[in-house]
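Take a walk through this structure with the sequence beside you.

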Amino acid sequence: MSATTRVLVLNGPNLGRLGRRQPQIYGTTSYEQLVELCVEWGHDLGFDVSVRQTNYEGEMVGWLNDAADSATPVVLNAAAWTHYSLAIYDACAQLTAPLVEVHLSDPLTRPEEFRHTSYVTPHAVAVIAGRGVDGYAEALAVIARLLGRP
Ligand code: DQA
């Protein structure tokens, strides 16, 4: 039995309002429920999952820098920052363990042109989009596979 691996699940702006925020697009699961689900899914894979959300870009950059220094795998829903943040691009570039990009909706099929660009994708080993909260389970499973977890 291998030691428990820490995984960070990081969420960007407005995702704290999950369940109340445009449920027709993002679903009815609340952010608090998402946190519980991620911890459970991670536990089943032998991961110790920390789930965080911030509306402050500098805080997110700090978390990504810490993940880089500690070689911690990251599941990242950078929300709107995905589409324009060079600070998030630069922070993702420094990561030293797998990064999986996740989105509840599928930005590529949404009508707003700005959602069709991602500054996270160039650094991600996988992009999971349009699967709702289950996408987070898939992202954790991708990390488990990459780390050779059973
Ligand atoms: C999102 C998609 C982004 O375009 C949007 O800005 C978000 C949420 C998603 O999870 O579908 O805030 O990342």
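Start at Leu34, which is found in helix H2, residues 31-44. Helices (H or I, at least four residues) and strands (E, at least two) are DSSP runs, numbered from the N terminus. Leu34 has a relative accessibility of 1%, so the residue counts as buried. Now look along the chain to Arg145, 111 residues from Leu34. The C-alpha atoms of these two residues are separated by 22 Å.

A word on the model before going further. It is a predicted model, in which local features need pLDDT of at least 70 and side-chain atom pairs count only at pLDDT 80 or more, while totals for chains, interfaces and linings use all residues. Residues are numbered from 1 along each chain as its sequence is written, and side-chain values use heavy atoms, with hydrogens and water left out.

Next, find the ligand. Which residues are around the ligand? They are Arg21, Tyr26, Asn77, Ala79, Ala80, His83, His103, Leu104, Ser105 and Arg115. To be near a molecule, a residue needs one of its heavy atoms within 4 Å of it. Some of these residues also make polar contacts, meaning pairs of N or O atoms within 3.5 Å; within protein, one atom must be able to donate a hydrogen and the other to accept it, and residues adjacent in sequence count only if both atoms are side-chain atoms. Take Arg21: an N or O atom in its side chain is 2.9 Å from an oxygen atom of the ligand. For Asn77, a polar side-chain atom lies 2.8 Å from a ligand oxygen. Arg115 also has a side-chain N or O atom 2.8 Å from an oxygen atom of the ligand. How much of the ligand does the protein cover? On its own, the ligand has 320 Å² of accessible area, and the protein covers 98% of that. These areas come from the Shrake-Rupley method with a 1.4 Å probe; for residues, only the protein chains shown count as cover.

Turn to the aromatic rings. A search of the whole structure finds one aromatic pair. Rings of Phe, Tyr and Trp (its six-membered ring) pair if their centres lie within 6.5 Å; planes under 30 degrees apart count as stacked, over 60 as edge-to-face and the rest as tilted. The partners are Tyr89 and Tyr119, with ring centres 6.3 Å apart and planes at 85°, so this pair is edge-to-face. Tyr89 lies in helix H4 (residues 86-93), and Tyr119 lies in the loop between strand S4 (99-103) and strand S5 (126-129), so the pair ties together parts that are 30 residues apart in sequence. Tyr89 is partly exposed, at 30% relative accessible area. Tyr119 is partly exposed too, at 27%.

Stay in the loop between S4 and S5, where Arg110 is found. Is Arg110 buried or exposed? At 11% relative accessibility, it counts as buried. Arg110 and Ile25 are 85 residues apart along the chain, and their C-alpha atoms are separated by 10.0 Å.

Go back towards the start of the chain. Asn14 is found in the loop between strand S1 (5-11) and helix H1 (23-26). Its phi is near 75°, a positive value in a residue other than glycine. Asn14 counts as partly exposed, at 40%. Gly16 lies in that loop between S1 and H1 as well. With 19% relative accessibility, Gly16 counts as buried.

Finish around helix H3. Asn65 has its place in this helix, residues 57-70. Asn65 is partly exposed, with a relative accessible area of 27%. Ala71 is in the loop between H3 and strand S3 (74-77). Ala71 is not a glycine, yet its phi is positive, at about 50°. Its relative accessibility is 44%, so Ala71 counts as partly exposed.

Key:
Buried < 20%, exposed > 50% of the residue type's maximum accessible area, 1.4 Å probe, protein only.
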